[in-house]
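Look at the structure first, then read the points below.

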Amino acid sequence: MKLLLVEDDVQTGDYVRRGLAELGHGCDLARDGVEGLTAALTHDYDAIILDRNLPHLDGLAVLQALRAQGNRTPVLLLSALGEVGDRVAGLRAGGDDYLPKPFSFQELLARLDAIVRRRGEPPGATTLTVGHLTLDLLGRRARRGDRVIELLNKEFQLLDYLMRHAGQVVTRTMLTEAIWDYDFNPGTNVIDVHISRLRAKIDGPGEPAMIRTVRGAGYRLDAV
Amino acid sequence: MRFDRPVMRSAAWRGALWITLIALVATSVALTLQYVQTTRTIAARREAVVDDEASGLVERYRTDGAAGVAQAIQRQLTVPRIHEFFYLLTLPDGTPIAGNLLGWPADIERSGFYRFDTAVTNTRGGSSRRSVEARAVVLDNGFRLLVGDFADERAALRERYISALLWTLLATGALGLLFGWLYSRRGLAFVEQVSAVGQRFLAGAMSERVPVSSRGDEYDHLADTINRTFAEVERLFGSLRAATDGMAHDLKTPLTRIRARLELAEMGNGDKERLRQAVAETRIDLDALLQLIEDMLSLARVEAAGGEAFAPVALDAIVAEALELYEPLAEEKGIDLAAQLVPAMIRGSRSLIGRLVANLLDNAVKFTPSGGKIRVALDLDDDWARLVVADNGPGIPAAHRQVVLGRFRRLDESRPSGGNGLGLSIVDAVCRVHHGAMILSDNHPGLRVEIRFPLGRIAAEGQGADREQDG
């Protein structure tokens, strides 16, 4: 991926850029809002990581200017404020996701992956398919091969989210945000328990595991 | 007593000066008015007496002529009287015929009432210069008659007036300044005292308070307000210090572990498995650290949250969502989690209340042993929506119930269940910003947490809700 990071904090900027480079992603670094906006408008990036608090031109203003120019590059907002109101303001201004500081690098990667790939989703589909697994969005049940799997409400939502992000790492925070709409960590291992229940239904005895745990990051659903 | 500022510039002193000045002016006006009125009354009375005497002589002139008048005057002068008049009867050219005045005053030509100084002969034969007031009458044949009274007391009165005025002004001024000084000294002493206490408070003596007298005056009100401010600052500072100490401890413990682990890994000389283990364990510690920081920020955010962004929210739906989140966990732990909810609409923040409910459930699941049970109930009474989460875990001893609301307070530091001890603090803070109340009680055994949210009226009467909560 080719990414633009707009971040005035030198250490955070360098750390994120090195991390991304380590994984083979090209990353340009802009130190303030004006520089960031210029770079975003003159280059074609896969995604932009935009800090909320920037010198000269605030992150939200950069985002609004970008969207006003018709630029639809996915934007992940970073903020030390991380308040609910900020989150809503950020998403309303045209941000694709919002990540409060402090964040883990894995979380950042997972979210970047999610917003970049989101663009390819077919709108209006009534089923989702990953390998032998099919999710019926209207009937709200799944089928693995010939086996029909009945799902409870939250299990359906979890699977729906995992399948839409198949092959990508999905963090626990992303799941609590997407399914419970919580902007905080509900603590302990609540999400793990939900996943293990879902896993018990999806990965039957003798079947290869589709839902995998990614250590220190989250989960990933693979086509097997 | 040492004054940092000149006495003359103090507000109290200026006030005293003004009051003294006003008192001086008022006293002067009063004395002057009295003087003028007294002299007028005396003058009017004298004029009447003189006129009466003069009209008697004029009457005599009409019946007995000038000779009769002269005779009458002569008799009046020889007979000693309590009230001494003076008389003068002259020919038309001013030559005296009878009387004790040496000569007709040059500037009196016509009839009228005059006031002047003149030489007068007295009964002992001498003459003296005296202040007189007299009625001049020009009689039918050009004879002139002057009847007058001595007005020496007028000068005496003026003298007395002036001296009285001086003494009174002196006394008023002295008293005004004395009391003004005393008063301003009380003000300055108060300011000095507050300033000194404030300095010591700033220097770290946070138990310092301004002394309050029993007078109950404005100074005492001010002292009381200042003391309450100091007390609040001390309380906040104390809780901040406790929070900082707690946070330092909670940060240091995992950081020390991480450091030790890294050092061990370094000594392992590239043992892959050992390194992998160290990284995995370190990651868990770091996650806990991040969570701790996030919770700290959350708490600060909740505490700073006003009610502006509040909207009507379905409390039962929020509770049901949270229950759905924790049910599998409870089931896995072998805990019987059951709930009874009624629909309840309150004003609030969905996100904050969600956090509150999740924290309560998280706590309950965490501390309830396997085979235990958790009961969640939501019901309504006239004023409140009441959410009760009761478990049969170890509970919290009554003495510690207030303590657990403080940041980082864990009853048992060695407790293996994790968490950073901020859970109930956050619940309490969310409760407060919703004008609600949180009641911890014994579930025999276990902990029973009751949260009360006010129904409805928050927006209409924000203050009212506050009072309600207090009462």
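The points below cover the chain, its partner and a helix pair.

This is a predicted model, in which local features need pLDDT of at least 70, side-chain atom pairs count only at pLDDT 80 or more, and totals for chains, interfaces and linings use all residues. Residues are numbered from 1 along each chain as its sequence is written, and chains are lettered from A and ligands numbered from 1 in the order in which they are written.

**Chain B overall**

- Chain B has eight helices and 12 strands. Helices (H or I, at least four residues) and strands (E, at least two) are DSSP runs, numbered from the N terminus.
- Of the 471 residues in chain B, 27% are buried. Buried means that 20 or more other C-beta atoms, placed from the backbone, lie within 10 Å of the residue's own.

**Where chain B touches chain A**

- In chain B, 23 residues are in contact with 21 residues of chain A. Contact means C-beta atoms, placed from the backbone, within 7 Å.
- α4 (272–304), α5 (315–332) and α6 (350–367) of chain B each give two or more residues to this side.
- The largest share, nine residues, comes from α4(B).

**Helix α4(B)**

- The 33 residues of α4(B) should span 48 Å at 1.5 Å a residue, and the end C-alpha atoms are 47 Å apart, which agrees. The expected span is 1.5 Å times one less than the number of residues.
- The buried residues of α4(B) include L292(B), D295(B) and M296(B).
- α3 (218–267), α6 and α7 (423–433) of chain B are among what covers the buried residues of α4(B).

**Helix α3(B)**

- α3(B) has 50 residues and reaches 72 Å from its first C-alpha to its last, close to the expected 74 Å.
- α3(B) is hardly covered, with three buried residues. They are A223(B), G246(B) and D250(B).
- Just after α3(B), N269(B) takes a positive phi of about 50°.

**How the two helices pack**

- α3(B) and α4(B) pack at an angle of about 165°, with their axes 10 Å apart. Axes are lines fitted to C-alpha atoms, for helices over the stretch in contact, and angles run from 0 to 180 degrees between N-to-C directions.
- The two helices α3(B) and α4(B) are therefore roughly antiparallel, a term for angles over 145 degrees.
- Residues making the contact include M247(B) and L251(B) of α3(B), and L275(B) and L289(B) of α4(B).

Definitions and conventions:
Buried ≥ 20, exposed ≤ 12 C-beta atoms within 10 Å, placed from the backbone. Contact = placed C-beta atoms within 7 Å. Parallel < 35°, antiparallel > 145°, perpendicular 65-115°, else oblique.
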